[in-house]
Amino acid sequence: MAKVYYDQDATLEPLIGKTVAILGYGSQGHAHALNLRDSGIKVIVGLPENSKSRKKATEDGFEVYIPSEAAKRADIIMFLTPDTVQPAIYKECVEPHLDSSKTLAFAHGFNIHFKQIVPPKDVDVFMVAPKGPGHLVRWMYEEGKGVPALVAIYQDASGTCKDKALAYAKAIGATRAGVIETTFKEETETDLFGEQWVLCGGVTALIKAGFETLVEAGYQPEVAYFECLHELKLIVDLIYQYGIAGMRYSISDTAKYGDVTRGERIYKMVKPLMKEGLEEIQKGEFAREWVLENQAGRPVFNALLERDREHLIEKVGQELRRMMPWITQKELK
Ligand SMILES: NC(=O)C1=CN([C@@H]2O[C@H](COP(=O)(O)OP(=O)(O)OC[C@H]3O[C@@H](n4cnc5c(N)ncnc54)[C@H](OP(=O)(O)O)[C@@H]3O)[C@@H](O)[C@H]2O)C=CC1
Ligand SMILES: CC(=O)[C@](C)(O)C(=O)O
């Protein structure tokens, strides 16, 4: 079993007296900045003058600088901007201010692993990758809990990089839940695989296919929504808390039989696709496609997101969620 690091295995000491620059103030950026500051770490934020996030970062009480100034002032520079703009930010704003006293940090290994960013050898480089959405990283921290994370050391020129990474993980609350040491390769490939084939791509495909199958067969869209989306959370909550066996303990025998037999058909169809998808990631084909998509102005990305925004399930869901105000616990901002 992998070694898991908890609060008692890490100390904030390596970050005390240091300045951490958080480049970006979005899902992860706001959470890391607020959690680090609440843990007693000096934080500044790096955002372009025209950034929509400047208002929120300023209202949250942070000193906000343009990225190059933030990089110049900081000891540790954490990239929490979209992966696709990190290479340009690095080249234009960070690299000119690098020396052996600086540390680069990431929350996803994409740009280091696929060599879109190649740091000088005398600079420490680590990753602290929360295994959950940024808003939950903040909400769990506020509740005294944490979102688990992966840490990886890419370069340890100083001999203290791992201590800094674990201190960072502790400061954002991750060691409350557990932190596993990995590599940039393992985090990048598993994260891309998970978000494409299980968590986001996998789940949304199942939800849409199920909903459309029922609606096209003439069933009411509201019934299809409750069956294929609303109830999914309840089932996943059981799996999250008790494992697959625990969830199956709670559902009916009829549902269990359907689960293990019809689920087997889905499993047999999907696993070969998943293996293909993992190979695409490992061979860099997905990375190349995503880099080129961004260079072309995201035509496919924008078109497919817009298509799904117009999906009937979004319209039905918005209406039904309005009748259950307790569902939307906190505004996603
Ligand atoms: N979302 C998640 O839960 C997770 C994300 N990650 C990783 O965290 C990193 C950040 O992702 P995420 O938080 O989702 O990003 P978001 O898209 O939520 O936020 C991006 C932030 O970067 C800002 N930004 C955009 N361009 C620049 C720039 N040139 N210089 C400085 N800031 C800029 C944006 O400002 P503006 O408002 O102006 O657009 C925004 O504040 C990525 O590496 C991602 O892979 C890792 C684990 C989970
Ligand atoms: C939340 C998370 O870790 C994801 C889905 O991989 C991401 O948003 O990058």
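Analyst: This is a predicted model, and the answers below set its values against the criteria.

User: What makes strands E2 and E5 a pair?
Analyst: Two strands pair if DSSP finds at least two bridges between them. Four bridges join E2 (residues 19-23) to E5, so the two count as paired. They run parallel, and isoleucine 22 stands opposite methionine 78 in E5.

User: How do you know that E5 also pairs with E6?
Analyst: The threshold is at least two bridges, and E5 and E6 (residues 103-106) have four, in the parallel sense. Therefore E5 and E6 are a pair too. Here phenylalanine 79 stands opposite phenylalanine 106 in E6.

User: Why is the crossover from E5 to E6 called right-handed?
Analyst: The chain crosses from E5 through helix H4 (residues 86-94) to E6. With the strands pointing away from the viewer, the path over the helix runs clockwise, which means that this β-α-β crossover is right-handed.

User: Why are the residues of E5 called buried?
Analyst: Ile76 and Met78 point one way from E5 (residues 76-79), Ile77 and Phe79 the other way, and all are buried. The label applies because each has 20 or more other C-beta atoms within 10 Å of its own.

Terms used: Residues numbered from 1 in each chain as written. Chains lettered and ligands numbered in written order. Predicted model: local features only at pLDDT ≥ 70, side-chain atom pairs only at ≥ 80, totals over all residues. Buried ≥ 20, exposed ≤ 12 C-beta atoms within 10 Å, placed from the backbone.
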